[in-house]
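User: I would like to learn how to read the secondary structure and packing of a model. Could you take me through one, feature by feature?

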Amino acid sequence: MISTLRPKEINFDELWPEVLSTARCVINMSRYGHTDVSTWQSRFFDIYNLCGATPESYAERLYDETKTFLELHCRSMKEDIFKAEQNTLSIYTKYWIEYKMGAGHLNSLYSHLNNILVKKRKISDPETNMYLDYHIEFPDESPVEIGEMALDCWTNIIIEPLKERLVKLILEQINLDRLGECVNQTTIKNAIMSFFDVYQYKRINALHLYEKTFESYFLQGTGEYYREEGNRCIAKFDCIQYMKKILLLIDEEEFRSRKFLNPTSYIKVKNECLQRLVCDHFDTLKNECNELIIREDFDALRNMYKLLVPTPIGTSYMVERLQQNIAAIGHEKIHSLKGENLQTLFVENLLELHAKYLNVIRETFANDPDFISSLDKACAMVVNMKNGNNLSAKAAELVAHYCDNLLRKSSKISTESEIEEKLVNAIIIFNYLEDKDYFQRCYQKMLARRLIYQHSASIDAEEFMLTKLKESCGYEFTAKLARMFQDMKISDDLNVKFLEYLKSESKLCVQNQTMPNLVGLDFNIHANSWPISQLMNNTFVIPQPMEKPLRLFEEFYNKQYNGRKLFWIYNLSNGELRISILDRSYFVTMGTYQMAILLLFNQHQHLKLNEIEEATKINMKEIEKQILPLIENKFLISESIDLIETSLISVNFEFKSKRTKFKLPIVTQKETNQDSEATQRNLDEDRKFFIQAIIVRIMKSRQTQKHNLLIEEVITQSKQRFLPSIHLIKKCIEILIDKQYLERNSTDEYRYIA
């Protein structure tokens, strides 16, 4: 039967019993049974007709009668719950589940009444200019939807009078669950969630009843339980066992929260457990922490970290103790280093320490940034310690020597990938250096030697290292190093052009094998890029066989670069010499000075050292260094063991070798203490200019700056190269004031005036 939707006269007293009968079935299905579809549709239209009746609508009366029915029904259920003794929670949850479901269905059945009594309005959002539907917030006496009214009846008639009893029973059941007793988990869950679900229609303070009625008491009870449990465990177990035990307790309580509670309570429960089990006993954990770190009991430290990291106390104490322990181990390792290969021992011991604790932090402390920072600080302390230990004070030099060993042809590492891997590891230690500019000086000198003497194992590896340095410190740091590689390419191009030039000059008969070796890469070196001093007062007399090739190259070079002056740095030059006076010809690569000495024996059978000095104009000290490899390799013979000015030198005509082509080791000047001191002095001067440039750049952009802010900014901009002292920065400020770049506005402010 289809009912008309037009308003008509209705007798409320005749129609209401039928609506009430259906409402009883909906709200209490267990007693009155289910409602069939046809009856549901009929009641829906009955409610529609009551709301639209003429001459007067019965909407308000229907609302009031329904409310009265629900209140009576809730009072009836309250009596049943109140009379129950042992099964209070079971009866409560049974009634609640049925009632909640019925309230939802009843709300649908009364949807037309809801639309009439619970008004809607359009509210304009001035910011978005959008119109959204909102329910009007009525005062307490204003009508609400039937579903919400049903839940309000449950709250006011059942929960409010019985809440203390219900909460007490729930807490007792949860305590039994903590003790391992068998409890009805579904009943507990439904009972607890009833405090939340009855406010499901509330748009504001939806958690109010749940938090006020249940959660606050539950958290209080949880805190008291775990306070007692913590005291019992701390008295029974040692620290390591205690941490294991309370981790289990916390995990169990978190699992219990997810079984019974609303998600908003999870973190609160965990925090309460941590407060009672961890924070209240922090002194015990703190006293054990250092011992665990020293003993390297990483399982126990992992447990301690898990316990402390979510607490307000945090892991700062653990971080501090770990940093101190790493620094102490590192200092001990560095102090114990001995032997000739110090640079390798220094870098690899630090890398081993870094890798070990980086892995510890990854596996034990979940890659916590605070612990990684503590490792970085500890490694920086070890690398840069300057407490009278010369080895550690020269960390920059040792790292540079380590890289030099890797990049030289004499390196024992066979593959390029292995070299690059070790260079990447070396950069880890490099990044901890405070004196990166000192490393740059040392590395630049060693790079120059490798390039000049062609000792580089791989140009690709050299460029790889340059790229890594640029990534770490920027373009400015590696600019000179990059220009050295550019000069090498220019040198190679010039060699090719020079050979073409010789071929084009058909009137010249010069052996091609000699020319490239004479010029090599001993030209086109810019003084600003290469750490090589030009010997302006060099008195070396060039042997006659070498004069013509050099003159030819100078002519070629002057044609290529008009206006440039070419300087020959003989002490860094080398060439290939053919020795044909022995049993067979030998081709030997050697230094220019050594070539000059051997060429003298074309005219003489024997020569004294002072005669060699007179002929070559090389100082005696240098002659002794250069002639020693010739004697050791048995090209020359000395009548005396110790070389003096009158020592007689002669050619060894008995010399024999299986190889016909080989190379003498290059005689390089070892750096003395005076050289190191000079390097440090030059570095200090460069630092002053560098800091002054930074100060001028800052002041030019700011015009005025406070003293402390200027100091901080200078340190920030300088630390990629070195860490300047406050005293040095102040000194540079005074220099700029004297130079009239700055002036003091007040006692703590400067003004740019240049």
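Analyst: Happy to. Let us begin with a strand: 5 of the 6 residues of β4 are buried, so β4 is largely enclosed by the rest of the structure. Buried means under 20% relative accessible area, exposed over 50%, and partly exposed in between, with a 1.4 Å probe and protein chains only. Helices (H or I, at least four residues) and strands (E, at least two) are DSSP runs, numbered from the N terminus. This is a predicted model, where local features need pLDDT of at least 70 and side-chain atom pairs count only at pLDDT 80 or more, while totals for chains, interfaces and linings use all residues. Residues are numbered from 1 along each chain as its sequence is written, and side-chain values use heavy atoms, with hydrogens and water left out.

User: In what order do the strands lie in the sheet that holds β4?

Analyst: Two strands pair if DSSP finds at least two bridges between them. Here the order is β3-β4-β8, an open sheet of 3 strands with mixed pairing. Its edge strands, β3 (574–579) and β8 (661–663), each pair on one side only. On average, neighbouring strands of this sheet are turned by 20 degrees against each other, direction ignored. Axes are lines fitted to C-alpha atoms, for helices over the stretch in contact, and angles run from 0 to 180 degrees between N-to-C directions.

User: Which way do β3 and β4 run, parallel or antiparallel?

Analyst: They run antiparallel, joined by 6 bridges, and Asn574 stands opposite Gly591 in β4. On the other pairing, β4 (residues 586–591) and β8 run parallel, with 3 bridges. There, Phe587 has Lys661 as its bridge partner in β8, and Thr589 stands opposite Lys663. Helix α25 (residues 592–599) packs on this sheet, touching β3 and β4, and its direction makes about 125 degrees with that of β4. Contact means heavy atoms within 4.5 Å.

User: How should I read a helix, and which residues of α12 are buried?

Analyst: Start with the general idea: an α-helix has 3.6 residues a turn, so residues three or four places apart point the same way. In α12, the buried residues are Phe282, Leu285, Cys289, Leu292 and Ile293. What covers them includes α10 (239–260), α13 (298–308) and α14 (316–335).

User: What span should α12 have?

Analyst: The expected span is 1.5 Å times one less than the number of residues. For the 14 residues of α12 (residues 282–295) that gives 20 Å, and the end C-alpha atoms are 20 Å apart, which agrees. There is also a bend of about 30 degrees at Cys289; a bend is the angle between axes fitted to the seven residues ending at a residue and the seven starting there. Just after α12, Glu296 takes a positive phi of about 60 degrees.

User: How many disulfides does a search of the whole structure find?

Analyst: In general, a disulfide is a covalent bond between the sulfur atoms of two cysteines. The search looks for cysteine sulfur atoms within 2.5 Å, and it finds 0 disulfides. Cys403 is buried at a relative accessible area of 0%, and Cys473 counts as buried at 7%.

User: What does the overall picture look like?

Analyst: The protein has 30 helices and 11 strands, and 45% of its 754 residues count as buried.
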